[in-house]
Amino acid sequence: MTAVDSRPVAEHRQVAGRVTAGARVKAFVSLTKPRIIELLLTTTVPVMFLAEGGVPDLWLVLATCIGGYLSAGGANALNMYIDRDIDALMDRTRNRPLVTGVLRPAEALVFGLALAVVSTLWFGLLVNWISAWLALGALLFYVVGYTMILKRRTAQNIVWGGIAGCLPVFIGWSSVTGTVSWGAVVLFLVMFFWTPPHYWPLSMKVKDDYERVGVPMLPVIAANTVVARQIVVYSWVMVAVSLLLWPLGYAGWFYTVVAAVAGGWWLWEAHALQARARAGAKGAKLKEMRLFHWSITYVSIVFLAVALDPFIS
């Protein structure tokens, strides 16, 4: 860790005496990054419907969601513990609880490790052990593979680090079937190719933050035209992969139509971003966040179609 580590500690000493219990509870919740977990559950639950071919056991859905929240929350807490030095220097993260001093680093570390243990036992005892090991694998890959190894060393950080965010698809499928099938693999790959073009537009927006702390996100080390080209390539592969559920026999016409229309809109936005980058647009004129916001809507629409397809097609 760098010398900036002293900042969160110093600030904690300044505010510790006036932090209320409610503020501390809120801070522990924020360590889990609830908004990110909401997206992970958006991909987990619909897969359970597809795996079941209808409505899965609702207790199983609830148990899987709780386990998924605990596991992802533990990973996010450990991520904030490890990244507290650079979080203190980035505008986007300077209000996180370890930076403001509402929580001590040791508290975040213990909290994250506790969630990792509890979530693994929760999955193993209440869902199944295949799902438990997959959840633990996702946690370890995010904390060790992405946060500790890839993030500060390579522009491919989000490409391979994004695997952790794809594993909830396998967790949802295995929670119902006790195994993983080609249908789950297809949806895993959809999320794998979705992650870079989802995150790179945001990185383009806040690249000054990443450059300041030496994190080599692709927009930091490459021109906007290069980033936009990569976004288009990944987008085309993602849309093509999303359509494989139909020929493989895992989805019918409803999912296929929805995935094609949503994918077409995505490609329109991706190519529009590339056109603006080629024209030299910068700042607000680049409008990179249009694709970022649409990417979240895209996942919600496509995975909702995954859940509804067994009842309509």
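**View 1. Packing around α14.** The buried residues of α14 pack against α9 (157-161), α11 (182-205), α12 (207-213), α13 (218-221), α15 (253-278) and α16 (289-312). The model is predicted: local features need pLDDT of at least 70, side-chain atom pairs count only at pLDDT 80 or more, and totals for chains, interfaces and linings use all residues. Residues are numbered from 1 along each chain as its sequence is written, and side-chain values use heavy atoms, without hydrogens and water. Helices are DSSP runs (H or I, at least four residues), numbered from the N terminus.

View 2. Helix α14 covers residues 224-242. Its 19 residues should span 27 Å at 1.5 Å a residue, and the end C-alpha atoms are 27 Å apart, which agrees. The expected span is 1.5 Å times one less than the number of residues. Buried residues (under 20% relative accessible area, 1.4 Å probe, protein chains only) include N224, V227, A228, I231 and V232.

**View 3. The nonpolar patch.** V55, L58, W253, V257, V261, L304, L308, F311 and I312 make a nonpolar surface patch of about 890 Å². Helix α16 gives the largest share, four residues.

View 4. W253 lies in helix α15 and is exposed (over 50%) at 52% relative accessible area. Beyond its neighbours within four places in sequence, W253 is in contact (heavy atoms within 4.5 Å) with D309, I312 and S313.

Definitions and conventions
Helix = DSSP H or I, 4+ residues; strand = E, 2+ residues; numbered from the N terminus. Patch = residues over 30% accessible without salt bridge, like charges linked within 9 Å, V, L, I, M, F, W, Y side chains within 5 Å. Areas by Shrake-Rupley, 256 points an atom, 1.4 Å probe, with all protein chains shown as cover. Salt bridge = Lys/Arg side-chain N within 4 Å of Asp/Glu carboxyl O.
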